[in-house]
Amino acid sequence: MAIPRQLPNAITIARIPLAVVFFILLLLGGTYGLPDPALRWTAAILFIVGISTDWVDGYLARKYEIVSDFGKLWDPIADKMLTGAGFIGLAILGEVDWWIVAVILIREWGITVHRLMVASEHVVAAAWMGKIKTAFQGVALGWALLPLHVVIGLGPWTLVTFLLMIVVLVLTVASGIDYIVAQVRGVRQKS
């Protein structure tokens, strides 16, 4: 069965407006002010579906051998928009510490800016460590976004959320260092 050549890229691009809708629903369904559990559940499910498409578009592109430079560049950007919306939304709602979000976002957008700067020379695809980081960010954010504190209690939910965010922080910084080291090696090899 053949699939349209642009399907993986279309799935990637669909994550960008999805990130905006998710962010709005998250804030509207937030735990402060007038919380709306239905909106919070909807936001969480949208995030989980959206971050899951990261696997789908990559799988389709590899399976049908339609990996493109566009996908290599925009897939990580779409991921960062979706996860960034999650981190910022949770920080606004006071559910994740701003310092954790700041460190994660500085790394995420620093790497993205570098990718965009070198895109005319070559496209930097996500490395294995970056893929693991993104997968773990998706799991941790999925946990934090689901209003499971109603079921397990606020204390256990807050503790697990904090621990997951610390692991995400470590993986994010480590994958950022890995990216920088790989780029420096690549520049040296070209010289």
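**Ground rules.** The model is predicted, so I kept to pLDDT of at least 70 for local features and 80 or more for side-chain atom pairs, while totals for chains, interfaces and linings use all residues. Numbering runs from 1 along each chain as its sequence is written, and side-chain values use heavy atoms, with hydrogens and water left out.

**Helix 3.** I started with helix 3, residues 69–92. Helices here are DSSP runs of H or I, at least four residues, numbered from the N terminus. I checked its length: 24 residues at 1.5 Å each should span 34 Å, and the end C-alpha atoms sit 35 Å apart, which agrees. The expected span is 1.5 Å times one less than the number of residues. I then looked at cover, and 17 of the 24 residues are buried (buried is under 20% relative accessible area, exposed over 50%, partly exposed in between, with a 1.4 Å probe and protein chains only). After helix 3 comes G94, with a positive phi near 75°.

**T83.** I picked this residue inside helix 3. T83 counts as buried at 2% relative accessibility. Beyond four places in sequence, T83 touches F47, I51, E108, Q137 and L141 (contact means heavy atoms within 4.5 Å).

**E65.** I looked at the loop between helix 2 (37–63) and helix 3, where E65 lies. E65 is not a glycine, yet its phi is positive, about 50°. E65 is also exposed, at 71% relative accessible area.

**Salt bridges.** I searched the whole structure and got 7 (a side-chain nitrogen of Lys or Arg within 4 Å of a carboxyl oxygen of Asp or Glu). Which residues does R15 pair with? R15 meets D57 at 2.9 Å, N to O. R15 is in helix 1 (residues 7–28) and D57 in helix 2, so this pair ties together parts 42 residues apart in sequence. R15 also bridges to D75, with the closest N and O atoms 2.5 Å apart. D75 belongs to helix 3, so here the tied parts are 60 residues apart in sequence. I checked burial too: R15 has a relative accessible area of 1%, D57 has 3%, and D75 is buried as well. Through shared partners, salt bridges join R15, D54, D57, D75 and D79 into one network.

I moved on to helix 5 (residues 128–145), which holds K133. The 18 residues of helix 5 should span 26 Å, and the end C-alpha atoms are 25 Å apart, which agrees. K133 is buried at 2% relative accessibility.

**Nonpolar patch.** Last, I looked at the surface, where W99, V103, V173, I177 and V181 form a nonpolar patch with about 420 Å² of accessible area together. Patch members have over 30% relative accessible area and no salt bridge, with like charges joined within 9 Å and nonpolar side chains (Val, Leu, Ile, Met, Phe, Trp, Tyr) within 5 Å; areas are Shrake-Rupley with a 1.4 Å probe, and for residues only the protein chains shown count as cover. Helix 4 (98–118) and helix 7 (154–190) each give two or more residues, and helix 7 gives the most, with 3. W99, in helix 4, is partly exposed at 48%.
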